Amino acid sequence: MSDNQKQEHYALSMMYGTYADILFVLFPFLVIAMQRLWDGNLYQSLMRPDLSIAAAILAGLAIGKFVLGLVTNRDLGRYKERIVFFIALTLFVVLGPAIILILSMTGNADIPGFVAFVQPVLLIIAISLYTTAVSIANILNRAAQTQSSGDHGGSATATPARAGGRSVPEPLDLPRRTGNDAC
């Protein structure tokens, strides 16, 4: 497998892992929405704090990934400010408004109509920021691994870790189909 194919395979595996995380967070809210759809109250899902809770959870996960990227690679130089900017952006654009909406909606009987528009937008922004955070954290982790393997006389591409003489697969390392597989 060439280096380009390995990088493509790694990027694809990370994309699947990222979207699996997002789907895992959104699954309970999907079940609630399906139950409300069954009852004929789907619009009420937009007027309840469910989407804001999901956005707050994803924003918290994104902040965690950004911080992980900061502490993983200490030699970021000018890029530290950019990661801190993304942390502040996540706090002020998603997490803050989501928490305010959650508190306002649980304490108020009268919910303004714009909430039905704002909550999905917050969720979309939270998903985008989480995906960005995972990408940045993975890039910094790979750069740190490359630097550490270069410091020990290794090659620029790190070899997979070995446990008991066998290679350990990367997270969500999906096996490829070959022509010899029986269906």
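Two residues are taken to be in contact when heavy atoms lie within 4.5 Å. The model examined here is predicted, with local features requiring pLDDT of at least 70 and side-chain atom pairs counting only at pLDDT 80 or more, while totals for chains, interfaces and linings use all residues. Residues are numbered from 1 along each chain as its sequence is written, and side-chain values use heavy atoms, without hydrogens and water.

In α1, Ile-22, Val-25, Leu-26, Phe-29, Ile-32 and Arg-36 meet Asp-50, Ile-53, Ala-54, Ile-57, Leu-58 and Leu-61 of α3. This contact comprises 10 nonpolar, no polar and 2 charged residues. Here Ala, Val, Leu, Ile, Met, Phe, Trp, Tyr, Cys and Pro count as nonpolar, Asp, Glu, Lys and Arg as charged, and the others, Gly among them, as polar.

Turning to the next pair, helix α3 (residues 50-72) packs against helix α4 (residues 79-107) at about 160 degrees, with axes 9 Å apart. The two helices are therefore roughly antiparallel, a term for angles over 145 degrees. Ala-55, Phe-66 and Val-67 are among the α3 residues that meet α4. Of the residues in this contact, 19 are nonpolar, 2 polar and 1 charged.

The largest nonpolar core has 32 residues, and those with the most contacts inside it include Ala-55 and Leu-123. Such a core joins buried residues (under 20% relative accessible area, 1.4 Å probe, protein chains only) through side-chain atoms within 4.5 Å. Helix α5 supplies the largest share, 10 residues. Beyond neighbours within four places in sequence, Ala-55 touches Val-94, Ala-98, Leu-122, Leu-123 and Ala-126.

Conventions:
Axes are lines fitted to C-alpha atoms, for helices over the stretch in contact, and angles run from 0 to 180 degrees between N-to-C directions. Helices (H or I, at least four residues) and strands (E, at least two) are DSSP runs, numbered from the N terminus. Angles under 35 degrees count as roughly parallel, over 145 as roughly antiparallel, 65 to 115 as roughly perpendicular and the rest as oblique. Buried means under 20% relative accessible area, exposed over 50%, partly exposed in between (1.4 Å probe, protein chains only).
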